[in-house]
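Hello,

Here is the structure we talked about. Please have it open while you read the notes below.

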Amino acid sequence: MKTITIKDTQASEVTKARVKVKKKPVMAMLFFGCISATAYFYLMGHQKLVTDTFTKGGWYAAYPISAAFLFSFIHGAFASNFLSVLGIEAKK
Amino acid sequence: MKRTVILISTFILIMSMVASAFAGGPPPKDLLKGYFTETNEANRSVQFVKDNELIATTLFLNNEMSMQDIRLDKKVMVTLDKHAGENVIGDISIMFMDLPLKKIGALLLIGLIGGLLSGFIGSGGAFVMTPAMMTLGAPGAIAVASNMCHKFPKAMVGAYKRYKYGQVDIKLGLVMAVTAIIGVEIGIKMQKYILNTWGNAGSNLYVSVVFVAVLVIVGLIVARDAYKLSRGKAEATTPKLAKALMNLNIPPMMNFKVAKVRISAWVTIPVGLATGMLAATIAVGGFIGVPGMIYVIGASAMVASATELVVAFIMGCYGSVQWAISGLVDIRMTLLILAGSLVGVQLGALGTTYVKDHIIKIVMASVMLIVAISRGAKVPGYLSDVGAMKALDPQFTAFLNSVSFWALITALGSAGILISFYMVKGMMEARREEKQSVLETTYV
């Protein structure tokens, strides 16, 4: 077995080349980002209607609970893809 | 495993039908929500239309109120002063504050750091969210409800991420959650008993003393352990107490595969009960749940903090339904905090894959001890309320309140800095290692 010493710059290029193989989920991030942003704009644009309806109590409780679930899926997916696009991923 | 999960899930469902448990106390029952429609200066009365009702009720202002306190354009919460007479208003709060950009920015930032903390140590964030929302101008009940409703989806996303990293013990989480829900019920009953016996001031004092005592004692234990581990004076082994308890062969024995623990249910159940009881009392059950899972049950800090997210999800879901039924969730605040915390919680969760077990303990101990200072600053005020101390100077009271608030902000800020520091350090080390391994595989 023969060990070759190479420069650090060469090593970093090899690492970069390996990283490049993995495609970043830019499209998924944009897709979920757009849905999430639209949902937030709608919410903030109709504050009175939303707050009135969501606080009627009783069976209306389904609104805030399902909105929390819905936003966690949409915005959670965006956040996950956003972190991947930034290159922040869990250690394997 | 499957049978246990089904059994526990069924139990949760049944419990949710017959009981009402909430972390952080139950929603208030004597609140009226709705709009003022007309004012009558002559007899100091107002017409009030309650939610889901078409006919207005006549309410009367109390002696301290003026007609300027009545807003016709905003939804309000009204409490009646039953001692002052029939339909006399005791207090009015505007339910939904205006949200200018500055407040939206503040909510997003608090959410981000709170989420980071939650994803990293399994709990936290909640202790600062409610006071922060109240400082921004939300009424107390709305702040508690909105915080609770953001907690469960955040915990769900965090738990899912950490499950993918192989850190979550679902069975342990379910057992803890079920027993904690029972603990919350007991905790609420104790709270009510204390409230009836000692009154509001006594109850506040009791809650604060328990809060400070528990956080200081447990925080110091965690800090000592983390210090030893960071100095390399000890190895990350199962704590002595947990080892001794694992030797107790009292059936039924429970086997937790991910946590790598086999322990009697008679040990697991009290930990869950204590978590729930404290959650009902001091509203930060995770500060007991995580150390309980580490030092009593014997799970690693990594597994305990990840599993706590399952507990937070189930308990948060349960509490949120109750608060939403009372109609007190300001969904705008919930979703704005969630926008920040969903990024933070995933960042915190993946951060755990870059750090060693004791780093989680360092962060947890720091947060617990600073939060204890925050509540400790309130104790002199409560002591003077019950008459154990002479009345405090108003300036001193204001000073203590500002110490309390800034301690919370410091806790959140320092946690954010610590987590980011260790995470970046871990990532840089990992990158170096990866570079090294590429070198070895490519050129050797």
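B:Asn52 counts as exposed, with 12 C-beta neighbours inside 10 Å. The cut-offs: buried is 20 or more other C-beta atoms within 10 Å, exposed is 12 or fewer, partly exposed is in between, with C-beta atoms placed from the backbone. B:Asn52 is not a glycine, yet its phi is positive, near 60°. It sits in the loop between E2 and strand E3 (57-60) of chain B.

This is a predicted model: local features need pLDDT of at least 70, side-chain atom pairs count only at pLDDT 80 or more, and totals for chains, interfaces and linings use all residues. Residues are numbered from 1 along each chain as its sequence is written, and chains are lettered from A and ligands numbered from 1 in the order in which they are written.

B:Arg44 also has a positive phi, about 50°, without being a glycine. Its loop joins strand E1 (31-40) and strand E2 (45-50) of chain B. B:Arg44 is partly exposed, with 17 other C-beta atoms within 10 Å. Strands (E, at least two residues) and helices (H or I, at least four) are DSSP runs, numbered from the N terminus.

Now the helices. H5 (residues 170-230) and H9 (residues 301-325) of chain B have axes that come within 8 Å and cross at roughly 40°. The crossing of H5(B) and H9(B) is right-handed.

Best wishes

Notes: Axes fitted to C-alpha atoms, helices over the stretch in contact; angles between N-to-C directions. Left-handed = near helix turned anticlockwise from the far one by under 90°.
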